[in-house]
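Please look through the structure below with a few of its helices in mind. The briefing that follows takes them topic by topic.

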Amino acid sequence: MKINLDIPAGVKIEAFYMFFLIHTMQIGAGLMGVSTHIYTFAKHDAWISIIIAGIWLHITVFVMITILRQYQNADLFGIQRDLFGKWINIILGTAFSIYVFAVLLSVLLNYVEVVQVFIFPTMPTWLISLFLISLGVYAVLGGIRIVAGSAFLFFFATIWLTGFLYKPISLMEMNHFSPIMDASYKEILYGAYKTSFSFIGLEILLFAYPYIKNKNKVHLSAQLGTLLTVTLTFLVVFVSIGYFSGDQLERLIWATLSFFKIIRFPFMERFDLIAVAFWMMVILPNIIIFTWLLSFCVKRLYNIRQRTSVYIVSGTLFLVSIFFQYRLNINTLTDWTGKVGFYIAFVYPFVLLPIVLIKKRIQKKARR
């Protein structure tokens with residue numbers, strides 16, 4: 001495995017696409033139920049947990065960029081190969097690939113369940129999965145430029161949905177937020193930890209970096225994409241606390257989608273059905289980017305053509321998704337994915353950074 005990648009100029013993308021890749025990868029299934037997950041632990045101080053998690057996210061982006069800039073044009077696997085050698089890299093890379101597969105499966109199953117609850121109660125899981133996976137495969141086969149382009153298009157196709165928060169905002173009860181800092185520090189920090197599934201997606205930076213043309217601008221794009229994700233998540237959680245009572249919020253599974261139930265138009269009774277259908281355009285970039293990432297990991301680790309690995313990944317995903325039929329199983333998968341994702345996305349880069357810096361310093365001294 002090469003440490004630095006040779007990417008043809010015609011395949012590379014501009015740095016500003018990293019804004020859309022990171023943001024659309026983070027906003028998806030996690031945003032639908034993030035308010036309930038955090039409120040369960042931090043109660044009405046959950047908005048403080050989002051601020052803490054957001055600060056940690058921005059520091060993580062800085063650490064990732066610092067690691068990547070120590071190499072000419074390497075991704076995470078190239079860096080691990082340089083630091084730990086071939087076999088440890090394969091073990092770590094395989095573990096990372098399994099994690100990405102679990103995230104992809106969680107995103108797919110969570111949206112399938114939403115469709116079955118809101119729109120088509122009798123539609124089988126395999127049919128919805130097949131439809132979404134087929135769309136993902138079609139986009140991924142076009143390469144990284146199509147993947148980045150789909151993130152760009154779906155961002156503008158769905159960002160307008162945030163405008164419908166005006167209704168719950170107008171009905172918020174500000175006394176739901178008092179007393180401030182009622183939760184303990186431990187509860188607030190645990191609330192920040194529970195955001196991990198919602199903020200998963202920064203990992204794309206460690207693999208798409210070699211494909212960026214103007215690398216001097218990628219840090220700003222990544223930070224802005226992260227900032228928008230944190231801002232939207234903060235807004236959703238803040239409005240949820242203000243609009244729902246505590247008991248309501250703890251019982252809801254998808255508090256964000258419940259906002260759309262209060263939207264009414266003279267010509268449309270159930271706007272929430274339209275919103276859930278549009279939510280597919282929020283989920284689809286998740287599926288596309290994670291499928292590309294997973295197929296790229298398989299290609300790098302096992303030297304398989306990416307086109308072949310796309311079919312292997314999508315076929316396995318389809319077969320495994322059929323076996324998940326119950327909410328309890330999906331919840332368990334999502335919960336474990338969030339726990340593992342916290343250590344891989346938000347802790348591992350901090351472990352990797354000092355090792356990279358020490359190795360680079362030793363190499364520098366050896367050359368003198």
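Helix α3 passes helix α18 in a left-handed crossing, a term used when the near helix is turned anticlockwise from the far one by less than a right angle. Helices here are DSSP runs (H or I, at least four residues), numbered from the N terminus. This is a predicted model, in which local features need pLDDT of at least 70, side-chain atom pairs count only at pLDDT 80 or more, and totals for chains, interfaces and linings use all residues. Residues are numbered from 1 along each chain as its sequence is written, and side-chain values use heavy atoms, with hydrogens and water left out.

**The pair α3 and α18**
- Helix α3 (residues 46-68) and helix α18 (residues 348-367) pack at an angle of about 30°, and their axes are 9 Å apart; axes are lines fitted to C-alpha atoms over the stretch in contact, and angles run from 0 to 180 degrees between N-to-C directions.
- The contact (heavy atoms within 4.5 Å) includes Trp 56 and Ile 59 of α3, and Phe 350 and Leu 353 of α18.

**Helix α17**
- Among the buried residues of α17 are Ile 330, Leu 333 and Phe 342, where buried means under 20% relative accessible area and exposed over 50%, with partly exposed in between (1.4 Å probe, protein chains only).
- The elements covering these buried residues include α3 and α18.

**Arg 251**
- Arg 251 lies in helix α13 (residues 246-251) and counts as exposed because its relative accessibility is 62%.

Terms used. Helix = DSSP H or I, 4+ residues; strand = E, 2+ residues; numbered from the N terminus.
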